[in-house]
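The sequence and coordinates follow.

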Amino acid sequence: MDEFMAALAGAAIGGGFTFAGALAQARSARAQADASRAAARHQADVAHMQWVRSGRGSACFEFLALSLDLADQAFRLHSWREPLGRRRNTWDRMRTRRAEAKVENAVSATLSQMRATLAVLELYGPDEITSAAHRVERACVNLSMSVEGWVRDPHLPQFDWNTDLSAVRQARADFSEAARPHLDRAV
């Protein structure tokens, strides 16, 4: 019976060590799985932040390009007003008015695109970029309204082109200043 008890004690001790080894191995496997999950989550977060930064950067670039387009279109409208009064024949006036209408439509389309890009910027944030973008949009709207009103009504006094254009330039500079740290930030 002593041999039986010794064998039973040996089996119990061996089983206990086997169980302890299996438990340690299970804990190790769980810790490894947790570490893998954390690494995968970190990679997903990094990929998401890169995607957000890429989208934000594209939206900022497009927004600035659209504001330049709008200023250029407004300048074309502004430059056509003066010669319109000097045109001698009806044909020249009609051609100029048709060209002005095309540019006015382009201004409206550019403003619509700016507002769509502004919505993207509002989604990507942060608030500094969004508020600066709203200031750019407001300055562009003011410039386009001044130019379009001046072109449509020849009896209006000439507006101060440089003041409106300077407001757009300043708003663009403020927008760039607000966006730059968020575009350069490392993940």
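## Fold

Helices are DSSP runs of H or I with at least four residues, and strands are runs of E with at least two, numbered from the N terminus. On that basis the chain of this predicted model reads α-α-α-α along the sequence, with four helices and zero strands.

Of the contacts with a separation of 6 or more, 75% join residues 24 or more positions apart. Buried residues account for 30% of the 187 residues.

## Nonpolar core

The largest nonpolar core contains 31 residues, and Phe63, Leu121, Leu143 and Phe175 have the most contacts inside it. Two or more residues of this core come from each of α1 (2-86), α2 (90-124), α3 (127-152) and α4 (161-184).

Beyond its neighbours within four places in sequence, phenylalanine 175 touches Cys60, Phe63, Leu64, Leu121, Ile129, Ala132, Ala133 and Val136. Cysteine 60 has a relative accessible area of 3% and is therefore buried, the cut-off being under 20%. Cysteine 140 is likewise buried, at 0%. The structure holds zero disulfides.

## Surface

The chain exposes about 12200 Å², of which carbon and sulfur atoms supply 57%. Phe4, Met5 and Leu8 make a nonpolar surface patch of about 330 Å².

## Salt bridges

Side chains of opposite charge can pair when their charged atoms come close. Three salt bridges are counted in the model.

Aspartate 34 pairs with arginine 37, with the closest N and O atoms 3.3 Å apart. These residues are three positions apart in helix α1, so about one helical turn separates them. Aspartate 34 is partly exposed at 34%, as is arginine 37 at 47%. In helix α4, glutamate 177 and arginine 180 are also three residues apart, or about one helical turn, and their side chains form a salt bridge with an N to O distance of 3.4 Å. Glutamate 177 is exposed, with a relative accessible area of 54%, whereas arginine 180 is partly exposed at 43%.

Glutamate 137 and arginine 115 form a salt bridge whose closest N and O atoms are 2.8 Å apart. Because glutamate 137 lies in helix α3 and arginine 115 in helix α2, the pair ties together parts that are 22 residues apart in sequence. Glutamate 137 is buried at 12% relative accessibility, while arginine 115 is partly exposed at 41%.

Conventions: Residues numbered from 1 in each chain as written. Predicted model: local features only at pLDDT ≥ 70, side-chain atom pairs only at ≥ 80, totals over all residues. Heavy atoms only, no water. Buried < 20%, exposed > 50% of the residue type's maximum accessible area, 1.4 Å probe, protein only. Contact = heavy atoms within 4.5 Å. Areas by Shrake-Rupley, 256 points an atom, 1.4 Å probe, with all protein chains shown as cover. Disulfide = S-S within 2.5 Å. Core = buried A, V, L, I, M, F, W, Y, C linked by side-chain atoms within 4.5 Å. Patch = residues over 30% accessible without salt bridge, like charges linked within 9 Å, V, L, I, M, F, W, Y side chains within 5 Å. Salt bridge = Lys/Arg side-chain N within 4 Å of Asp/Glu carboxyl O.
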